[in-house]
Amino acid sequence: MSAAPDMSAQEMPTVVLIHGAFAGSSSWNGVIANLKRRGYPVIAVANPLRGVQKDAAYVRALLDSLPGPVVMAAHSYGGLVMTEAAAGASNVKALVYVASVSPDVGESVIGLLTKYPGSQLATSINMVPIPSGDGGTTMDQYILQDKYPEVFAADVDRGTAEIMAATQRPASASAQEEGVTKAAWKTIPSWTLITTQDQGIPPDLQRFLADRAGSTTVEIAASHAVAVSQPGPVADLIDTAALATARSMQMSKSRRG
């Protein structure tokens, strides 16, 4: 597949991908391969999963280092990080929420998951105490490995899902409890991929948040691990966002000219 027809190779935005809790950058591998065939430069960030503010500061430092336009895509908890990190970043032109959340100021993962029934995460978590760094103790959260395939990756082949369970990245308790202080979707156009078989983030919650954000939405019959099970539609939506952004930028330049 060649570069997108509305953009030269020099104009292709960098796609920045942010994974969420209980996954890692490799969860984007199929999406990355697809996007690179289309000509996009791609960076999959190793999200620290230590807390919204810490994680967003880490991602924002990367954004500030990138020349040219950026399209961001985030999965699950990564949506909070993207929402915070992209606010005020002049090079970020589009946000793509993938089986994710687009919170408003003050909203957290825990708070949002209480809005609609259907998430199986609360009954599937193993809490592991770890040093907090200030002499105290905090908690890391994992999905129990025997529940991971059903709750997180029901449409991923069992062997792959079991490997994902064994290699999952834990999120600190604060990552689930902290709210965002900025909401980038209020000023940056957004697209949302809603996963209708999701047992992590209920589809009705995804729909509510996408509607509130004025997001362009696509629904797909997929589990929470849609980037692994169906990378093609995920890449398609990112490409759609990038093309729409390019057309908008071209029209703006034409008006100024």
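Predicted model: local features only at pLDDT ≥ 70, side-chain atom pairs only at ≥ 80, totals over all residues.
One of the residues concerned is Ile194, whose bridge partner in β9 is Glu219. Strand β8 also pairs with β4, again in the parallel sense, over four bridges. Here Val96 has Trp191 as its bridge partner in β8. Strands of a sheet pair through backbone hydrogen bonds, and the pairing may be either parallel or antiparallel.

These pairings belong to an open sheet of six strands, in which the order is β2-β1-β3-β4-β8-β9 and the pairing is parallel. The edges of the sheet are formed by β2 (42-45) and β9 (216-220), each of which pairs on one side only. On average, neighbouring strands of this sheet are turned by 15 degrees against each other, direction ignored. Elsewhere in the sheet, strand β1 (residues 14-18) pairs with strand β3 (residues 70-76) in the parallel sense, and five bridges are found between the two strands. Within this pair, the residue opposite Ile18 is Ala74 in β3.

Helix α1 (residues 29-37) lies across β1 and β2, and the angle at which it runs to β2 is about 165 degrees. Helix α8 (residues 203-213) lies across β4 (92-100), β8 (190-195) and β9, and runs at about 165 degrees to β8.

The burial of β8 was examined residue by residue. The strand is mostly covered, with six of its six residues buried. Ser190, Thr192 and Ile194 point one way from β8, whereas Trp191, Leu193 and Thr195 point the other way; the residues of both groups are all buried.

Strand β9 contains Thr217. Is Thr217 buried or partly exposed? Thr217 is partly exposed, because its relative accessible area is 39%, a value that falls between the limits of 20% for buried and 50% for exposed residues. Apart from residues up to four places away in sequence, Thr217 touches Thr192, Ile194 and Ala210. The C-alpha atom of Thr217 is separated by 9.6 Å from that of Val96, although the two residues are 121 residues apart along the chain.

Glu84 has its place in helix α3 (residues 78-85). This residue counts as buried because its relative accessible area is 5%, and buried means under 20%. When residues up to four places away in sequence are not counted, Glu84 touches Val52, Gln53, Ala56, Val180, Thr181 and Lys182.

Leu49, with a phi of about 60 degrees, is found in the loop between β2 and α2 (52-65). Ala99, with a phi near 45 degrees, lies in strand β4. Leu49 is buried, with a relative accessible area of 0%, and Ala99 likewise counts as buried at 0% relative accessibility.

The largest pocket has a volume of about 360 Å³. It is lined by 19 residues, of which Val109, Leu113, Leu121, Ala122 and Gln176 are the closest to its centre. The elements that give two or more residues to this lining are α4 (109-113) and β5 (125-131); α4 gives the most, with three residues. By class, the lining of the largest pocket has 13 nonpolar and six polar residues, and no charged residues.

A search of the whole structure for cavities of 30 Å³ or more finds one. The space in the largest cavity is about 50 Å³. The residues that line the largest cavity are Ala23, Ser27, Trp28, His75, Phe152, Met164, His224, Ala225, Val226, Ala227 and Val228. Helix α9 (residues 226-229) provides the largest share of this lining, with three residues. In the lining of the largest cavity, eight residues are nonpolar, three are polar and none is charged.

Technical notes. Residues numbered from 1 in each chain as written. Heavy atoms only, no water. Pairing = 2+ DSSP bridges. Axes fitted to C-alpha atoms, helices over the stretch in contact; angles between N-to-C directions. Contact = heavy atoms within 4.5 Å. Buried < 20%, exposed > 50% of the residue type's maximum accessible area, 1.4 Å probe, protein only. 1 Å grid on protein atoms, 1.4 Å probe; cavity = no way out; pocket = protein on both sides within 12 Å on 5 of 7 lines; lining within 4 Å. Points joined across faces, edges and corners; volume = space filled by probe spheres on them. Nonpolar A, V, L, I, M, F, W, Y, C, P; charged D, E, K, R; others polar.
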